[in-house]
Amino acid sequence: NTFDLITSIAAFEHFLDVPSVLDEMLRVLRPGGIFWGCIHHFAALSGGHNVGLRLGSITDFPFGVEPWDHLRKRQLPFHVPLNRWRVHQYLEAFQERFEIITHKLDGLEGEEFLTPEIRNELSKYSIEELTMHNLII
């Protein structure tokens, strides 16, 4: 019951125990307080953190790596901890503890790499999950 605002940018995807982090946020946030977060979710083209840091759009991939490698063949290992949560998992976990005022997927990336073959292979993911970089809550 201390803070009016908690912000997080590109951190939640690295928390391996998201429920514990949310419980701690709930503990320290004042009643009526607000969380604003931008989560670089795992299903995004760059969600496996294996295409390098980009300031603009992704135009190429490391040698031997195909688009969405982290969801498909996993040619490159992860170099940082990643929790692999889906968008719906974040939304459900947040909704259990907080009132979600709004949320959206943002930051279009990779649409040009989503071939029919890849789309079929990754059919358990929505097109938005695959082509949007961030979940903003």
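Okay, hi everyone. Some ground rules before we look around. The model is predicted, so to speak of a local feature I need a pLDDT of at least 70, and side-chain atom pairs count only at pLDDT 80 or more, while totals for chains, interfaces and linings use all residues. Residues are numbered from 1 along each chain as its sequence is written, and side-chain values use heavy atoms, with hydrogens and water left out.

Let's start with the strands. Two strands pair if DSSP finds at least two bridges between them. Strand S1, residues 3-9, runs parallel to strand S2, residues 29-40, and six bridges join them. If you want a spot to look at, find Thr 7, which stands opposite Trp 36 in S2. To get from S1 to S2, the chain goes through helix H1, residues 18-28, and this β-α-β crossover is right-handed. That word has a rule: point the strands away from you, and the path from the first strand over the helix to the second runs clockwise.

S2 has another partner. Three bridges join S2 to strand S4, residues 132-136, and these two run antiparallel. Here Ile 39 stands opposite Leu 135 in S4. S4 also pairs with strand S3, residues 104-108, through four bridges, again antiparallel. Lys 104 stands opposite Ile 136 in that pairing.

Now, what's inside? A residue is buried under 20% relative accessible area, exposed over 50%, and partly exposed in between, using a 1.4 Å probe and protein chains only. A nonpolar core is a set of buried Ala, Val, Leu, Ile, Met, Phe, Trp, Tyr and Cys residues joined through side-chain atoms within 4.5 Å. The largest one here has 19 residues, and those with the most contacts inside it are Phe 12, Leu 22, Met 25, Tyr 90, Phe 94 and Ile 137. H1, S2 and helix H2, residues 87-97, each supply at least two residues of this core. Which of the elements gives the largest share? That's H2, with five residues. Apart from this core lies another one, of 16 residues, including Ala 43, Ile 58, Leu 71 and Tyr 125.

Let me zoom in on Phe 12. Contact means heavy atoms within 4.5 Å. Not counting residues up to four places away in sequence, Phe 12 touches Val 18, Val 21, Leu 22, Met 25, Phe 35, Ile 39, Asn 83, Tyr 90 and Phe 94.

Back to H2. Its buried residues are Val 87, Tyr 90, Leu 91, Ala 93, Phe 94 and Arg 97. They cover an arc of only 165° around the axis, which puts them on the same side of H2; the arc is taken from the directions from the helix axis to the C-beta atoms. And what covers them? H1, S2, S3, helix H4 (127-131) and S4 are included in that cover.

On to the rings. A pair of aromatic rings is described by the distance of the centres and the angle of the planes. Rings of Phe, Tyr and Trp (its six-membered ring) pair if their centres lie within 6.5 Å; planes under 30 degrees apart are stacked, over 60 edge-to-face, and the rest tilted. The whole structure has eight aromatic pairs. Why is the pair of Trp 85 and Tyr 90 called tilted? Because their planes are at 50°, with the centres 5.3 Å apart. Tyr 90 is buried at 1% relative accessibility, and Trp 85 also counts as buried, at 17%. Phe 94 and Phe 98 are tilted too, with centres 6.1 Å apart and planes at 40°. Phe 12, Phe 15, Phe 35, Phe 94 and Phe 98 form one aromatic cluster.

Last, some loop residues. Glu 109 lies in the loop between S3 and helix H3, residues 116-121. Is Glu 109 buried or exposed? Buried, with a relative accessible area of 10%. Among its contacts beyond four places in sequence are Ala 44, Leu 130 and His 133. Ala 10, in the loop between S1 and H1, has a phi near 55°, a positive value in a residue other than glycine. Arg 84, in the loop between S2 and H2, also has a positive phi, about 65°. Thanks, that's me done!
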